[in-house]
Amino acid sequence: MDLEKDLEYCYEIKQATFCKYVLTTPNKEIRLTFPQMLELRRKINALTTFEKLNYIINNENFVLLFVADKQHLLYLDIPQLLKLKEEIELFFVDFTQVLV
């Protein structure tokens with residue numbers, strides 16, 4: 001089992017329409033508005049600080065995250081959490097390049 005290959009395509013964010021996005025997870029597709037994307041980024045950034053990651057690793061080793069105004073619940077282990085953070089960062093980097 002190669003964890004890197006499993007995580008390679010498990011989370012992806014695509015633009016559906018103007019200010020509407022789709023977060024593709026291993027189990028489902030979640031439709032998000034731009035404010036919901038900003039809130040997801042805020043939550044992921046809060047969960048991936050050094051102190052919070054240490055706390056998660058030393059205790060549960062996973063997080064439960066409500067997404068899209070508490071309509072969806074994601075179960076994320078540490079590699080999935082970091083992959084989602086990377087995908088969100090890439091999304092916002094691409095988004096800012098489009099605006100410039």
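**Figure 1. Residue E12 stands opposite T24 of strand β2 in this predicted model.** The two strands shown are β1, residues 12-17, and β2, residues 20-24. Their pairing runs in the antiparallel sense and extends over 5 bridges.

**Figure 2. Three strands make up an open sheet.** The strands follow the order β1-β2-β3, and their pairing is antiparallel. Which strands stand at the edges? These are β1 and β3, the latter spanning residues 29-33. Each of these edge strands has a single partner strand, and therefore one side of each has no neighbour in the sheet. From one strand to the next, the twist averages 30°.

**Figure 3. Helix α2 lies across the strands β1, β2 and β3.** The helix comprises residues 34-47. Relative to β3, helix α2 runs at about 105°. Among the elements of the protein, α2 has the highest mean pLDDT, with a value of 96.

**Figure 4. A salt bridge joins R42 and E39 within helix α2.** The closest N and O atoms of this pair are 2.6 Å apart. How many residues separate R42 and E39 along the helix? They are 3 residues apart, which corresponds to about one turn of the helix. R42 has a relative accessibility of 48%; because a residue must be over 50% to count as exposed, R42 is classed as partly exposed. E39, with a relative accessible area of 32%, is likewise partly exposed.

Figure 5. Is E89 buried, partly exposed or exposed? At 42% relative accessibility, E89 counts as partly exposed.

**Figure 6. Helix α1 has the lowest mean pLDDT among the elements of the protein.** This helix consists of residues 3-8, and its mean pLDDT is 52. Where pLDDT is low, the predicted coordinates should not be read in detail. For the protein as a whole, the mean pLDDT is 87. Of its residues, 84% reach a pLDDT of 70 or more.

Key: Residues numbered from 1 in each chain as written. Predicted model: local features only at pLDDT ≥ 70, side-chain atom pairs only at ≥ 80, totals over all residues. Heavy atoms only, no water. pLDDT = per-residue confidence, 0-100. Helix = DSSP H or I, 4+ residues; strand = E, 2+ residues; numbered from the N terminus. Pairing = 2+ DSSP bridges. Axes fitted to C-alpha atoms, helices over the stretch in contact; angles between N-to-C directions. Contact = heavy atoms within 4.5 Å. Salt bridge = Lys/Arg side-chain N within 4 Å of Asp/Glu carboxyl O. Buried < 20%, exposed > 50% of the residue type's maximum accessible area, 1.4 Å probe, protein only.
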